[in-house]
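My entries follow in the order in which I made them.

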Amino acid sequence: PQPRAATSYHTYAETLAEIDQVVANYPQIARKFVAGKSYQGRDIVGVKISDNVAADEAEPEVLYIANIHARERLTNEQALYLIGILTKEYNATSRITNIVNSREIWIIPISNPDGQVYDMTSDTSAGRMWRKNRRPNSTSTGTDLNRNFAYRWGCCGGSSGNGASETYRGPSAESEPETKVLANFARSRVVGGVQQLKIFLDIHSYGELVLWPFGYTYANTVPGALSADEEATHRTIGRQMANSNGYTPQQASDLYITDGTTDDWFWGNQRIFSYTFEMYGSSFYPSPSVIERETSRNRDALLTLTEYADCPYRAIGKQQ
Ligand code: 0X9
Ligand code: CA
Ligand code: CA
Ligand code: ZN
């Protein structure tokens with residue numbers, strides 16, 4: 001089968017073309033980067049947005065990723081929307097000009113390109129309902145990349161050891177090329193011993209939720225891993241975003257227990273304030289007619305989150 005012609009949801013190829021167009025139109029503030037390759041050899045591509053984008057400046061950095069789960073189509077659109085407003089509105093909307101001038105924003109719209117291409121390669125108008133990556137395992141195909149991260153991997157019944165499961169955690173932590181690429185990218189942002197990324201958001205669908213760590217435990221705080229101030233900061237910013245987008249704010253484990261997720265690793269391992277969004281929908285394939293409404297719905301939440309990168313503890317009235 002051929003890749004289905006996208007009427008409105010972007011295919012992988014269309015996403016790359018859109019990224020090329022943006023960096024061609026806004027070379028001073030938008031730059032393409034390739035974080036690495038997927039199992040099948042596709043580029044995992046992102047856009048860096050900042051003033052003097054070619055320079056690594058001493059500005060707080062933020063990482064947005066989407067489509068780690070293949071079928072969650074609105075999430076790539078959300079990432080492209082963010083790239084769109086940050087570029088088009090630069091020097092037009094003061095809030096956006098200020099953000100672009102004072103932050104370095106890394107956006108990876110399709111974190112799981114093999115899965116995304118497979119999901120969209122179908123003879124029917126529907127997708128294949130694919131979630132995982134496409135690397136074969138001993139019983140089936142695919143690892144759930146959002147169970148493969150190296151923080152409390154497989155610890156707590158929040159993932160499966162069965163290769164056929166939708167939440168298969170893989171044979172070992174960071175066993176999957178896509179997981180490695182994302183984790184290596186985060187590690188590459190440690191400059192002079194200091195992690196430059198201050199905020200991380202992993203965009204999923206669906207459920208209309210704003211989630212924060214931890215997912216592996218119901219405990220709100222964990223000695224040595226999530227202090228009361230750190231929890232309160234996550235919660236306060238999370239609630240603030242939910243106030244603006246109408247999602248439900250909660251600790252990740254209030255949804256269900258998970259282990260090896262992005263959000264737990266970015267906080268637990270890297271101490272980057274981290275969130276997961278679950279976007280709109282009652283399926284993974286809402287009508288493309290909702291793309292504009294459901295991506296612009298997060299405008300204020302995403303800008304607010306990016307603004308907090310200078311000092312997330314501001315949210316609770318502290319310096320750190
Ligand atoms: O289960 C997941 O990976 C996410 N939900 S989804 O329906 N998009 O698959 C939620 C992950 C939220 N984060 C944690 N629970 N830590
Ligand atoms: Ca800059
Ligand atoms: Ca920098
Ligand atoms: Zn998901």
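I started with Glu72, which is buried at 3% relative accessibility; buried means under 20% relative accessible area, exposed over 50% and partly exposed in between, with a 1.4 Å probe and protein chains only. His69 is also listed as buried, at 3%. I then looked up the zinc ion (ligand 4): His69 (ND1), Glu72 (OE), Glu72 (OE) and His204 (ND1) coordinate it at 2.0 to 2.3 Å. Donors are N, O and S atoms within 2.8 Å of the metal, or 3.2 Å for Na, K and Ca; water is not among the atoms, so sites may look incomplete. Along the chain the zinc donor residues are spaced H-x2-E-x131-H.

**Basis of the numbers.** This is a predicted model, in which local features need pLDDT of at least 70 and side-chain atom pairs count only at pLDDT 80 or more, while totals for chains, interfaces and linings use all residues. Residues are numbered from 1 along each chain as its sequence is written, chains are lettered from A and ligands numbered from 1 in the order in which they are written, and side-chain values use heavy atoms, with hydrogens and water left out.

**Confidence.** I noted that pLDDT is the predictor's confidence in each residue, from 0 to 100. The protein chain averages 96, and 97% of the residues score at least 70. Over residues 1-6 the pLDDT is below 50, and this stretch has 16 contacts in the model beyond near neighbours in sequence; contact means heavy atoms within 4.5 Å. For the complex, the predictor gives an ipTM of 0.98 and a pTM of 0.97.

**Calcium site.** Which residues are the protein donors of the calcium ion (ligand 3)? I found Asp56 (OD), Glu57 (O), Glu61 (OE) and Glu104 (OE), lying 2.2 to 2.3 Å from the ion. Their spacing in sequence is D-E-x3-E-x42-E. Glu61 is buried, at 0% relative accessibility, whereas Asp56 is partly exposed, at 47%.

**Ligand 1.** I counted a residue as near if one of its heavy atoms lies within 4 Å of the molecule. There are 16 residues around ligand 1, and Arg131, Arg147, Tyr256, Asp263 and Glu278 come nearest. A polar side-chain atom of Tyr256 is 2.6 Å from an oxygen atom of ligand 1. The side chain of Asn146 has an N or O atom 2.9 Å from an oxygen atom of the ligand. For Thr258, a side-chain N or O atom lies 2.9 Å from a nitrogen atom of ligand 1.

**Core.** The largest nonpolar core has 77 residues, and Leu63, Tyr64, Leu86 and Ile107 have the most contacts inside it. Such a core is a set of buried Ala, Val, Leu, Ile, Met, Phe, Trp, Tyr and Cys residues joined through side-chain atoms within 4.5 Å. Helix α2 (residues 73-88) gives the largest share, eight residues; helices (H or I, at least four residues) and strands (E, at least two) are DSSP runs, numbered from the N terminus. I listed the contacts of Leu86 beyond four places in sequence, among them Ile29, Ile49, Val100 and Leu303.

**Helix α4.** In α4 (residues 113-120), seven of the eight residues are buried. The buried residues of α4 pack against α1, β2 (43-49), α2 and α5 (177-188).

Key: A polar contact is a pair of N or O atoms within 3.5 Å; within protein, one must be able to donate a hydrogen and the other to accept it, and residues adjacent in sequence count only if both atoms are side-chain atoms.
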